[in-house]
Amino acid sequence: MSSGNNSYGDIHRYEPARESTAAAIAIVLLTVVEIVFVGMFSYGLATGWGFDEFGNMFLGGLLAVIFVDLAFILLLYRKEFLPDVMVVKKRRRKWEDLYIREEDMYGTDSTGDAWESVKRAVYPYYKK
């Protein structure tokens with residue numbers, strides 16, 4: 001759904017999330033698997049698996065599996081439970097990158113107000 005209003009900060013497009021039950025069940029199951037792997041990793045650290053050459057590689061593999069599982073949980077959550085929102089943003093012009101006003105883009109008077117120049121230097125997007 002698209003809106004015709006284009007003022008800054010308005011929502012341009014909003015598509016609600018699907019919120020499927022299958023995704024919720026998958027997230028719960030992946031969370032249980034995550035807890036099991038974290039428990040195995042913690043047990044391995046507590047019992048000293050890291051001092052053995054193969055135990056250290058096994059702990060590294062467990063840590064990799066933990067982060068990959070967490071990535072899938074976050075991917076499913078973002079895809080299924082967060083809405084797709086596009087917000088209208090302000091387009092920056094070339095002279096705003098130089099921290100000057102539009103009317104000053106061809107140069108400023110060297111004897112201008114020094115306090116205004118300091119304010120613009122401290123806060124680049126200072127408005128009158």
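Trainee: Which residues make the nonpolar surface patch of about 410 Å²?
Mentor: In this predicted model, Val-28, Val-32, Val-36, Met-40 and Phe-58 make that patch. Patch members have over 30% relative accessible area (Shrake-Rupley, 1.4 Å probe) and no salt bridge, with nonpolar side chains (Val, Leu, Ile, Met, Phe, Trp, Tyr) joined within 5 Å.

Trainee: Which element gives the largest share of the nonpolar patch?
Mentor: Helix α1 does, with four residues, and Val-28 is found in that helix. Helices (H or I, at least four residues) and strands (E, at least two) are DSSP runs numbered from the N terminus.

Trainee: Changing topic, how many salt bridges does a search of the whole structure find?
Mentor: The search finds one, counting a side-chain nitrogen of Lys or Arg within 4 Å of a carboxyl oxygen of Asp or Glu.

Trainee: And which residue pairs with Glu-80?
Mentor: The partner is Arg-18, with the closest N and O atoms 3.6 Å apart. This pair links distant parts of the chain, 62 residues apart: Glu-80 sits in helix α2 (residues 53–81), and Arg-18 in the loop between β1 (11–15) and α1.

Trainee: What pLDDT does the protein chain average?
Mentor: The average is 79, and 65% of the residues score at least 70; pLDDT is the predictor's confidence in each residue, from 0 to 100.

Trainee: Which elements have the highest and lowest mean pLDDT?
Mentor: Helix α1 (residues 21–47) has the highest, 96, and helix α3 (residues 114–122) the lowest, 70.

Trainee: What conventions apply to numbering and side-chain values?
Mentor: Residues are numbered from 1 along each chain as its sequence is written, and side-chain values use heavy atoms, leaving out hydrogens and water. Local features need pLDDT of at least 70, side-chain atom pairs count only at pLDDT 80 or more, and totals for chains, interfaces and linings use all residues.

How values were computed:
Patches are made of residues with over 30% relative accessible area and no salt bridge: like charges are joined within 9 Å, nonpolar side chains (Val, Leu, Ile, Met, Phe, Trp, Tyr) within 5 Å.
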